[in-house]
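Let's take a friendly walk through this protein. Have the sequence and the 3D view ready, and look up each residue as we reach it.

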Amino acid sequence: MSELSKEELIQEVERLRQESEHLNKVKLAFDAQDQLVRSLVSMGRAATGRLMLRSMLLQTIKVSVKLTSAEESSLFLLDGNGAVTESILARGATIREQRDDLIGKVLNDGLAGWVVRHRQTGRIDDTRTDERWMTLPNQPYIVGSALCVPILRGKVLLGILTLTHPEPQHFTPALAELMEMCATQMALALDNARLYMLEHQKQENKGGNEQNPEDEGKDLSQTGIFIIADSGKFLYANPRVAQIFGYEFGELVILESILKLVATVNYHQVAEQMQQCFQGFNPVLACQFQGQRKDRRLVSVEAYGTRTKFYGKYVIIGVLSLA
């Protein structure tokens, strides 16, 4: 094999550096996803309805600020018509009339409005020289730079996240790319929060809103979190999923399908429910089955998940625990 030239070595090192940076961003994005889904599961047991959704918005902001070291942040949740249904403002609580007026201003003439119209991330290096930035009346904080990210589920705009910092040039292109990756995870979590609420309302209508006493004692650390493709292959799984089935983490994620973890007696039942979920006949996957551990022992498992789009393809994101 011929030796690489100095120029080729430099190119190879640069390629590896870029690949390492990309993988690090992917890891940060999935870490954010893990934190958001854990919050979703936890809040699903402790809160319902609007309180749960607002808690999810606050957790989304908390994760975003941690990732970017932003000083202030706001988040708007939109309905199918583009109207704001829930909001967390950087300035904190305000009376309804003032809040609606502020939201209207930024959606009409500010950076958030630009993001809504263009469906792409807006990054401002210096608010003093960018006409997209609007300084609001009596603004209680200084903004030198800003990053505004659309939270999209497919082509549907679910929300708008705005992050600010008092210093110019704070939000680099790399941070913008990271938040775009995380926005996909945020869309999954917010969409699941909506489906959790719909399911809760359905149970309330049936009179089945009594809490199972066994659920109160479940530790969230004992909950597996997963994302699977329509083939059943894991796109993501946290270490608890591997522990439940007695696998090493690396062994688990290379399985050709999650159905490899289902005992023969329940195989066709779970496969059918997964197929119905992916095809949209039932957007919620909820089942109990006998799981097949690596050592061939059986364990009773319960799984709950929902269908959503991830990078343009349908996936099921869900939670799994011992029954």
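## Salt bridges

Arginine 297 and aspartate 295 meet through their side chains in a salt bridge, at 3.2 Å from N to O. The term stands for a side-chain nitrogen of Lys or Arg within 4 Å of a carboxyl oxygen of Asp or Glu. Side chains of opposite charge can pair when their charged atoms come close. A network of salt bridges links Arg293, Asp295 and Arg297. Arginine 297 counts as partly exposed because its relative accessibility is 47%, and aspartate 295 is partly exposed at 40%. Here, buried means under 20% relative accessible area, exposed means over 50%, and partly exposed lies in between (1.4 Å probe, protein chains only).

How many salt bridges does a search of the whole structure find? The search finds eight. Another one joins lysine 260 and glutamate 256, at 3.8 Å from N to O. Lysine 260 is partly exposed at 48%, whereas glutamate 256 counts as exposed at 57%. Arginine 123 also forms a salt bridge, with aspartate 125, and their closest N and O atoms are 2.7 Å apart.

## About the model

This is a predicted model, in which local features need pLDDT of at least 70 and side-chain atom pairs count only at pLDDT 80 or more, while totals for chains, interfaces and linings use all residues. Residues are numbered from 1 along each chain as its sequence is written, and side-chain values use heavy atoms, with hydrogens and water left out.

## A buried valine

Now find valine 149 in strand β4, residues 145-153. Strands (E, at least two residues) and helices (H or I, at least four) are DSSP runs, numbered from the N terminus. Is valine 149 buried or exposed? Valine 149 counts as buried, because its relative accessibility is 1%.

Beyond its neighbours within four places in sequence, valine 149 is in contact (heavy atoms within 4.5 Å) with several residues, including Val115, Ile160, Leu161 and Met179.

## Two residues in a loop

The loop between β3 and β4 holds glutamine 139, which is buried at 17%. The glutamine 139 side chain reaches the backbone nitrogen of leucine 136 at 3.3 Å and the backbone oxygen of tyrosine 141 at 3.2 Å.

Aspartate 126 is also in the loop between β3 (122-124) and β4, and counts as buried at 15%. Its side chain joins that of arginine 128 in a polar contact of 2.9 Å. A polar contact is a pair of N or O atoms within 3.5 Å; within protein, one must be able to donate a hydrogen and the other to accept it, and residues adjacent in sequence count only if both atoms are side-chain atoms.
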